[in-house]
Amino acid sequence: MNSPPQAQAEDRAGQGEPLLAVRDLTVRFRSGGDRVRAVNGVSFEVRPGETLAVVGESGSGKSVTALSILRLLPGRNAEIGGSVRLLGEELTAASEARMREIRGDEISMIFQEPMTSLDPVMTVGRQIAEAIEVHQGLGREAAFQAAVAALDDVRVPEPARRAKQYPFQLSGGLRQRVMIAMAMSCRPKVLIADEPTTALDVTIQAQILNLMDELREKTGTAIILITHDLGVVAEMADRVAVMYAGRVVERASAEDLFARPRHPYTLGLLGSVPKLGSSLEGGAGRLQEIRGVVPSLREDIVGCAFAPRCPLATERCRREAPPLETRAPGHLSACWEAARLEAEHA
């Protein structure tokens with residue numbers, strides 16, 4: 001009998017050292033005379049076969065965090081601090097030649113929009129084969145056959161024929177499968193998926209998510225799933241890191257986060273998710289809104305960044321930034337009023 005998902009997550013969480021450990025990651029961009037603090041002290045880790053979801057509104061720093069792990073940010077304008085370790089190897093200190101070896105081989109990424117990420121003048125088979133040639137040392141024909149096999153793995157119909165087609169000849173769902181095939185072709189240790197179901201209808205979205213989950217189980221690849229969709233998080237994630245204004249404000253197992261959120265921002269996100277039957281019984285279950293907007297990252301933020309939008313904010317919240325602290329086993333929150341929040345929503 002298979003273990004329940006939460007038990008499987010706990011088993012994975014206890015298996016040795018993490019594949020990827022991010023510690024106190026900071027990213028600042030220079031723009032004219034300003035410095036934009038896009039990521040500020042972010043820490044998390046992911047283990048073999050585990051799915052970590054990174055969630056938050058647009059502008060919270062999710063995608064910048066992912067790109068900084070692979071050192072794909074524009075070099076002259078970006079300043080990266082902190083530590084990113086892959087199986088103990090410090091990536092922030094690695095040479096560019098070493099990073100080229102890592103990208104696509106040990107860590108792969110599925111970008112947000114497949115139509116702009118794929119080369120429009122090269123067949124999809126050749127694009128997948130290029131990565132295989134570089135990282136696995138196969139000849140041109142052998143690499144192309146491996147690309148066809150990769151397309152077959154992600155259930156692209158008639159993979160040999162599709163491999164000879166160009167991106168514009170494929171539907172959005174097939175292009176996304178091509179991106180997954182490319183990312184998984186070298187069996188990476190870590191897969192970063194940045195909004196992998198954006199602009200796909202719900203049927204195709206479900207297929208893509210199921211496919212990613214099957215590949216994770218088959219290969220043991222760890223997944224960092226970047227999304228703003230909490231439905232996707234509930235479907236896929238073992239653990240969740242919630243980001244706001246460049247910081248992680250809550251981190252927990254997916255089950256515990258949904259059952260017992262310990263940060264007002266997380267509570268607001270969960271309240272804004274439509275629920276089946278919410279319009280019944282005289283309008284009970286009306287969707288909540290998080291008033292206000294994400295603060296500008298060009299300016300220094302004093303105190304808790306969420307305080308201007310938070311119904312629980314006190315004077316202390318406006319003066320002092322709360323640290324990310326353990327509130328329960330495996331559950332961290334950056335909130336001075338976490339105990340009050342727990343009491344009100346017990």
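Contact here means heavy atoms within 4.5 Å. The model is predicted.

1. **The eight-stranded sheet.** Start with the open sheet of 8 strands. Its order is E6-E7-E8-E3-E9-E10-E12-E11, and the pairing is mixed. Strand E6 (107-110) and E11 stand at the edges; each has a single partner strand, so one side of each has no neighbour in the sheet. From one strand to the next, the twist averages 25°.

2. Strand E3 (residues 51-55) and strand E8 (residues 222-227) run parallel, joined by 5 bridges.

3. **The hairpin.** Strand E11 (residues 325-328) and strand E12 (residues 331-333) run antiparallel, with 3 bridges between them. Glu325 has Ser333 in E12 as its bridge partner. The two strands form a hairpin with 2 residues between them. Gly330 sits in the turn, and its phi is positive, about 75°.

4. **A helix across the sheet.** Helix H12 (residues 264-271) lies across E9 and strand E10 (247-253). H12 runs at about 105° to E9.

5. **Arg239.** Which strand holds this residue? Arg239 lies in strand E9 (residues 239-244). Its relative accessibility is 16%, so Arg239 counts as buried; the cut-off is under 20%. The side chain of Arg239 makes a polar contact with the side chain of Glu50, at 2.6 Å. Setting aside neighbours within four places in sequence, Arg239 is in contact with Glu45, Val46, Glu50, Thr51, Leu52, Ala53, Ala252, Ser253 and Ala254.

6. **Arg309.** This arginine lies in the loop between helix H13 (280-283) and helix H14 (315-319). Is Arg309 buried or exposed? At 10% relative accessibility, Arg309 counts as buried. Its side chain makes a polar contact with the side chain of Glu57, at 3.1 Å. The Arg309 side chain also reaches the backbone oxygen of Arg291, at 2.8 Å. Residues up to four places away in sequence aside, Arg309 touches Glu57, Tyr244, Ile290, Arg291, Gly292, Val293 and Val294.

7. **The four-stranded sheet.** A further open sheet has 4 strands in the order E2-E1-E4-E5, with antiparallel pairing. Strand E2 (34-46) and strand E5 (89-90) stand at the edges; each has a single partner strand, so one side of each lacks a neighbour in the sheet. Strand E4 (residues 78-86) runs antiparallel to E5, and 2 bridges join them. Arg85 has Glu90 in E5 as its bridge partner. Helix H2 (residues 62-69) lies across strand E1 (20-31), E2 and E4. H2 runs at about 110° to E1.

8. **Gln165.** Look next at the loop between helix H7 (159-162) and helix H8 (172-184), where Gln165 is found. At 12% relative accessibility, Gln165 counts as buried. Neighbours within four places in sequence aside, Gln165 is in contact with Thr123, Val124 and Leu170. Gln165 and Arg126 are 39 residues apart in sequence. In space, their C-alpha atoms are 9.6 Å apart.

9. **Helix H8.** At 1.5 Å a residue, the 13 residues of H8 should span 18 Å, and the end C-alpha atoms are 18 Å apart, which agrees. How many of its residues are buried? The count is 11 of 13, so H8 is mostly covered. Among the buried residues are Arg175, Gln176 and Arg177, along with Leu174, Val178 and Ile180.

10. **Helix H9.** Helix H9 (residues 202-219) has 18 residues. From first C-alpha to last it reaches 26 Å, close to the 26 Å expected at 1.5 Å a residue. Its buried residues are Gln205, Ile208, Leu209, Leu211, Met212, Leu215 and Arg216. Why do they lie on the same side of H9? They cover an arc of only 155° around the axis, which puts them there. Exposed Val202, Glu217 and Lys218 are on the face turned away from the buried side.

11. **The ends of H9.** At the start of H9, a side-chain oxygen of Asp201 comes to within 3.0 Å of the backbone nitrogen of Thr203. Gly220 follows H9, and its phi is positive, near 80°.

Notes: Residues are numbered from 1 along each chain as its sequence is written. This is a predicted model: local features need pLDDT of at least 70, side-chain atom pairs count only at pLDDT 80 or more; totals for chains, interfaces and linings use all residues. Side-chain values use heavy atoms; hydrogens and water are left out. The expected span of a helix is 1.5 Å times one less than its number of residues. Buried means under 20% relative accessible area, exposed over 50%, partly exposed in between (1.4 Å probe, protein chains only). The arc is that of the directions from the helix axis to the C-beta atoms. A polar contact is a pair of N or O atoms within 3.5 Å; within protein, one must be able to donate a hydrogen and the other to accept it, and residues adjacent in sequence count only if both atoms are side-chain atoms. Two strands pair if DSSP finds at least two bridges between them. Axes are lines fitted to C-alpha atoms, for helices over the stretch in contact, and angles run from 0 to 180 degrees between N-to-C directions.
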